[in-house]
Amino acid sequence: MCWLQTVVICFVVGAVVGGRDFPPNFKFGTATAAYQVEGAWNISDKSPSIWDSYVRRHPEKIKDMSSGDVACDSYNQWKKDVEIASDLGLDFYRFSIAWTRLMPSGFPNTVSEDGKKFYNDLIDGLLEKGIEPVVTLYHWDLPQSLQDLGGWANPLVSDWFADYARVVFSLFGDRVKTWITLNEPLIFCEIVYNTALHAPGILSVGVGNYLCNKHAMIAHAKAWRIYDEEFRPKYKGKVSLSNQILWLESETESDEEITEISRQFMVGMFSHPIFTKEGGWPPVIEKIIAEKSKKEGLSKSRLPPFTQEEKDFVKGTFDFYGFNYYTSRIVKKAKEGERIGPWPFAGASDLDIHLTVRPEWKHAATSWFYICPEGLRRQLAWLKEQYGDIEILITENGYASYDGGVDDQDRVQYYKEHLEQVLLAIEDGVNVSGYTAWTLIDNFEWSDGYRSKFGLYQIDFEDPLRKRTPRASAHYYASVIKSRSIDVDNKLTDEL
Ligand code: PNW
């Protein structure tokens, strides 16, 4: 073989292999959320959250009539969670703090000793194993006492949240360097008030959702500014929020405009106020809702405006972009009387669109889940185009199955295909700094109860100790982390 051939072959092989490897500083993690895993719902001085109340008032809203009362019992079994996180070789573990466990009255006049100890132990346990704690302040479990005062529809919620954030930063900020203020306002505002399918189960279509959206943006900004002024100088951490995004694609070229408007609706609503120079709602969305509200005979838009002062206060309150990705949709203009299509969609009522999926996208084990790995890369490119070259941390991505077995090759496939898209996005020049698998262990999947499973580890929910068993996907993910490459064995072995 002549030298030129050798060089060409080496170059091609190098490019292919290189393209399958993650950059050396890329971080891998898994995520959970307090209500989904902790259990111990009424232990010690913990007060009820909106989910504790919701599953009692509306057991019929949960497919298997279950609750998170015990869940994975992580409140008692947290050492096992740390152990398996360490077995996987995780760089970080993302979990959330239950506001009602740490501050039972919802206000900073009560800080629970038990709550403090639980999160201190968990954080220290992770650090001892060399795993970085990534902490979410709010993953949907508002204190019921604050819900009784209006919850996310009351503008005061941003002060309640800010007070809570200050307590959390002051207790754990010395050891936690990456913070997520809010998980998916799209879901806990838009979906909740437009469908009442999650706690608190209040239906207020086109009104409650927008109040919540605005208050969530202000709450996030207050928390970020508190961190920035009072904690960043000594702790030097990073704070952002996590947005859940369905990649939206147009069916035909003529639907491109409405598709872009839909993206602004779904992503822009929770990003434009924070991540753009001008701040505030995406102008196109503000206009649509104002016009609709006027036609409806209202004196003001249902979307509460930001004052200039509020715009300035909210914009720029980020250190990275937190992004949760699961699925995609095709957007078409709705025909007369046509419904929005497969749940969920932000502000469905104000956009006359119909969402579908491509026939080749396989359905996973929950109503809204169709598999489209390419959507992840396209969404990452769109985020860069819209908000600039900012660091993006993928804070969730994972697969739902009904089958709880351990040889979960379909989940392995999902991870492989999505990690491949992350690599391609990095090649495209998007600054993706890390990836989080949802989720470490099977857990309470909100209105699906325990029917759909997302875990790398299977949980035996019949076992009082909630035994954790690694699935093939856990072996695969551990190998990916170890080799920093996606081309690894996906067989079930007894290594973990
Ligand atoms: C996220 N969608 O919710 C949440 O952050 C997790 O608590 C949850 O368990 C996980 O994803 C799986 O559901 C989502 O409609 C809710 O595309 C809805 C969607 C995606 C994620």
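## The disulfide

The structure, a predicted model, holds 1 disulfide, meaning a pair of cysteine sulfur atoms within 2.5 Å. The bond joins Cys-189 to Cys-212, with an S to S distance of 2.0 Å. Cys-189 sits in helix 9 (residues 185–195) and Cys-212 in helix 10 (residues 208–235), so the bond ties together parts 23 residues apart in sequence. Helices here are DSSP runs of H or I, at least four residues long, and strands are runs of E, at least two, numbered from the N terminus. The S-S torsion is about -65 degrees, so the disulfide is left-handed.

## Buried cysteines

Cys-189 is buried at 0% relative accessibility. Cys-212 is buried at 0% too. Buried means under 20% relative accessible area, with a 1.4 Å probe and protein chains only. Cys-72 is also buried, at 0%. Cys-372 is buried at 2%.

## The ligand

The ligand is surrounded by 17 residues, each with a heavy atom within 4 Å of it. Gln-36, His-139, Gln-244, Glu-396 and Glu-445 are the closest. Strand 5 (238–250) and strand 6 (321–333) each supply at least two residues of this shell.

A ligand oxygen atom is 2.8 Å from a side-chain N or O atom of Gln-36. For Asn-183, the distance from a ligand oxygen atom to a side-chain N or O atom is 2.9 Å. The protein covers 99% of the 450 Å² of accessible area that the ligand has on its own, by the Shrake-Rupley method with a 1.4 Å probe.

## About the model

Residues are numbered from 1 along each chain as its sequence is written, and side-chain values use heavy atoms, leaving out hydrogens and water. In this predicted model, local features need pLDDT of at least 70 and side-chain atom pairs count only at pLDDT 80 or more, while totals for chains, interfaces and linings use all residues.

Conventions
Polar contact = N/O pair within 3.5 Å; in protein donor to acceptor, adjacent residues only side chain to side chain. Buried < 20%, exposed > 50% of the residue type's maximum accessible area, 1.4 Å probe, protein only.
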